[in-house]
Amino acid sequence: MTDGIYTEAFECRRDRLTLVNREEEMSSLTALVQDARTGSGGIALLEGVVGIGKSLLLDRLVSALPADGLYVLTARCDALEHDFPFGVVRQLFEPVLATLDEPQLTQLLSGSARTAAQALSGEKLPGDALLPTEDMSYAVLHGLYWFTCNLAAEAPLVIVVDDAHCADMASLRFLTHLARRIEGLPVLLVLSQRTGDEATDAALLSDIAGQPLCRVLRPGPLTHQGVGHLVKTVFGHEADDEFHEACLAITGGNPLLVHSLLSVLRLGGRPPTVEGLP
């Protein structure tokens, strides 16, 4: 098998993957979106090991949301960027900011929201230097909160942050600040975190998970039927029960590993049989 085939087999791009055995999680997230649209704030935290399907769930959720009447803000955190303060915040808000004219931006940054400008653009506002560092830090977080409130007054917000365990500290503090005050806002905050990896600040993520409105979702391994569905998706036809059970035993039901295994078989010209697995 050539390096190119290995690369194609293991790349497993999310837009090529099939979401199976995740109806319950998707239903929960869809219901929370509807709650936010009717003015009831909520939080969802997806937890699980790498490959269990957290990112795919978030991608499918975002792609299913209506384009009108809703602000959908997304960010994907990266460990290589966690030293850049408010990097995730800028990922979330910059696409919206780019659509606003000057009067709209001025209105959104009015009042208590004015200090959000520092996080959104690094801009120093007059008088900021007179505030102690700790006070300024809180003022920026609270400014971002009010900026979020002002934006949500225009249309309900769905804020989606993938791999939140890699978020920069400043952004994670803002997400925690928002989570503590989200009740009664037309805002849904959806985060994912990978279990088993070191987090930027595990205590802050635990704080979010412990909020009364937070729904913690832990996608489980694929079922026998779920593996069968992936087999049919990859090969175009079903395999026997023995093969499905063997796939579960090898991969632990991890969707990414199942898909990688099936891709290796298909690209190697092997049929989905137990004899082809070695």
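Which residues is methionine 169 in contact with, leaving aside its neighbours within four places in sequence? In this predicted model, they are His82, Thr200, Asp201 and Leu204. Methionine 169 is found in helix H8, which covers residues 169-179. Its relative accessible area is 33%, so methionine 169 counts as partly exposed. Proline 85 lies 84 residues away from methionine 169 along the chain, yet the C-alpha atoms of the two are separated by 6.8 Å.

The chain as a whole sets the context. Its secondary structure comes to twelve helices and five strands. Of its 278 residues, 49% count as buried. Contacts between residues at least 6 apart in sequence were also examined; of these, 80% join residues at least 24 apart.

Helix H11 (residues 241-251) packs against helix H10 (residues 224-235). The angle between H10 and H11 is about 105°, and their axes are 9 Å apart. H10 is therefore roughly perpendicular to H11, since angles of 65 to 115 degrees fall in that class. On the H10 side, the contact is made by His224, Val227, Gly228 and Val231. These residues meet Asp241, Phe243, His244, Glu245, Cys247 and Leu248 in H11. By class, the contact of H10 with H11 has five nonpolar residues, three polar and two charged.

H11 also meets helix H12 (residues 255-267). The axes of H11 and H12 come within 9 Å and cross at roughly 120°. That angle makes H11 oblique to H12. The crossing of H11 and H12 is right-handed. H11 contributes Phe243, Cys247, Ile250 and Thr251 to this contact. H12 contributes Leu257, Val258, Leu261, Leu262 and Leu265. Eight residues of the contact of H11 with H12 are nonpolar and one is polar, with no charged residues.

Phe243 and Cys247 of H11 take part in the contact with H10 and in the contact with H12. The spacing of such positions follows a general rule. An α-helix has 3.6 residues a turn, so residues three or four places apart point the same way. The buried residues of H11 are Phe243, His244, Ala246, Cys247, Leu248 and Thr251. H10 and H12 are among the elements that cover them.

Threonine 251 belongs to helix H11. Its relative accessibility is 9%, so threonine 251 counts as buried, the cut-off being under 20%. A polar atom of the threonine 251 side chain lies 2.7 Å from the backbone oxygen of cysteine 247. Leaving aside its neighbours within four places in sequence, threonine 251 is in contact with Leu257, Val258 and Leu261. Glycine 252 follows H11 and has a positive phi, near 70°.

Threonine 99 lies in the loop between helix H4 (87-97) and helix H5 (102-108). Its relative accessibility is 57%, so threonine 99 counts as exposed. Threonine 251, by contrast, counts as buried.

Technical notes: Residues numbered from 1 in each chain as written. Heavy atoms only, no water. Axes fitted to C-alpha atoms, helices over the stretch in contact; angles between N-to-C directions. Helix = DSSP H or I, 4+ residues; strand = E, 2+ residues; numbered from the N terminus. Parallel < 35°, antiparallel > 145°, perpendicular 65-115°, else oblique. Contact = heavy atoms within 4.5 Å. Nonpolar A, V, L, I, M, F, W, Y, C, P; charged D, E, K, R; others polar. Buried < 20%, exposed > 50% of the residue type's maximum accessible area, 1.4 Å probe, protein only. Left-handed = near helix turned anticlockwise from the far one by under 90°. Polar contact = N/O pair within 3.5 Å; in protein donor to acceptor, adjacent residues only side chain to side chain.
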